[in-house]
Amino acid sequence: MSLKKRFEKLFWLEEEETVNEPQGRQPMVNQPPARKEPKKVSTKKQVVDATPATPVISLQSVQKSSKVILVEPRAYAEAQDIAEHLKNKRSVVVNLQRIDRDQGFRIIDFLSGTVYALGGDIQRVGTDIFLCAPDNVEVAGSITEYISE
């Protein structure tokens with residue numbers, strides 16, 4: 001039996017089954033035309049073998065390679081671009097050494113909110129350098145801050 005016939009049998013109503021619509025209900029304007037009844041309705045139920053001939057691989061087990069993006073923002077407006085990378089499951093190293101200190105604080109505040117909303121992590125890895133990681137990247141360990149006198 002062809003695959004098309006199997007789908008038709010799967011989605012057609014049996015002879016005993018009927019659908020009663022409430023009276024006074026107006027049909028929708030964009031509603032597709034009703035399907036024609038099949039010419040031959042079989043009351044026998046067929047058992048279809050659900051095991052495929054080829055092995056099935058779960059798509060969740062296949063991971064594509066991860067990328068780490070390096071960014072040196074020059075303006076606060078670039079924070080949205082960094083957030084887009086995080087939303088696309090990419091880790092981002094943000095170097096704030098070439099931007100005004102107040103703008104750097106605003107960018108880190110924005111990225112902290114983004115990382116929190118995505119369930120990720122943000123860590124300082126150097127002087128004015130931060131690592132923003134999405135939820136699919138685990139950051140282990142820490143870097144202590146060395147203050148030279």
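**Close-up views of the predicted model**

Buried residues account for 16% of the 149 residues in the chain, the model being a predicted one.

**View 1. Overall arrangement of helices and strands.** Three helices and four strands are present in the chain, and along the sequence they follow the pattern α-β-α-β-α-β-β. Of the contacts in the chain with a separation of 6 or more, 53% are between residues 24 or more positions apart. The chain exposes about 13200 Å², with carbon and sulfur atoms supplying 52% of this area.

View 2. The four strands are ordered β1-β2-β4-β3 in an open sheet of mixed pairing. Strands β1 and β3 form the edges, each pairing on one side only. On average, neighbouring strands of the sheet are turned by 20° against each other, direction ignored. Helix α2 packs on the sheet and touches β1, β2 and β4; the direction of α2 makes about 155° with that of β2. Helix α3 lies across β2, β3 and β4, and runs at about 140° to β3.

**View 3. Strand β4 and its two partners.** Strands β2 and β4 pair in the antiparallel sense over four bridges, and Val94 has Phe130 in β4 as its bridge partner. Strand β3 (residues 121–126) also runs antiparallel to β4, to which five bridges join it. Gly126 has Ile129 in β4 as its bridge partner. In the hairpin of β3 and β4, two residues lie between the strands, and Asp128 takes a positive phi near 60°.

**View 4. The largest nonpolar core.** This core comprises 15 residues, and Val92, Val94, Leu96 and Leu111 have the most contacts inside it. At least two residues each are supplied by β1 (68–71), α2 (79–87), β2 (91–95), α3 (101–118) and β4 (129–133). Helix α3 gives the most, with four residues. In soluble globular proteins, nonpolar side chains tend to be buried together. Leaving out residues up to four places away in sequence, Val94 touches Val71, Pro73, Ile82, Leu111, Asp128, Ile129, Phe130 and Cys132.

**View 5. The surroundings of Thr114.** Thr114 belongs to helix α3. Because its relative accessible area is 13%, below the 20% cut-off, Thr114 counts as buried. Apart from neighbours within four places in sequence, Thr114 is in contact with Ala83 and Leu86.

Definitions and conventions:
Residues numbered from 1 in each chain as written. Predicted model: local features only at pLDDT ≥ 70, side-chain atom pairs only at ≥ 80, totals over all residues. Heavy atoms only, no water. Core = buried A, V, L, I, M, F, W, Y, C linked by side-chain atoms within 4.5 Å. Buried < 20%, exposed > 50% of the residue type's maximum accessible area, 1.4 Å probe, protein only. Contact = heavy atoms within 4.5 Å. Pairing = 2+ DSSP bridges. Areas by Shrake-Rupley, 256 points an atom, 1.4 Å probe, with all protein chains shown as cover. Axes fitted to C-alpha atoms, helices over the stretch in contact; angles between N-to-C directions.
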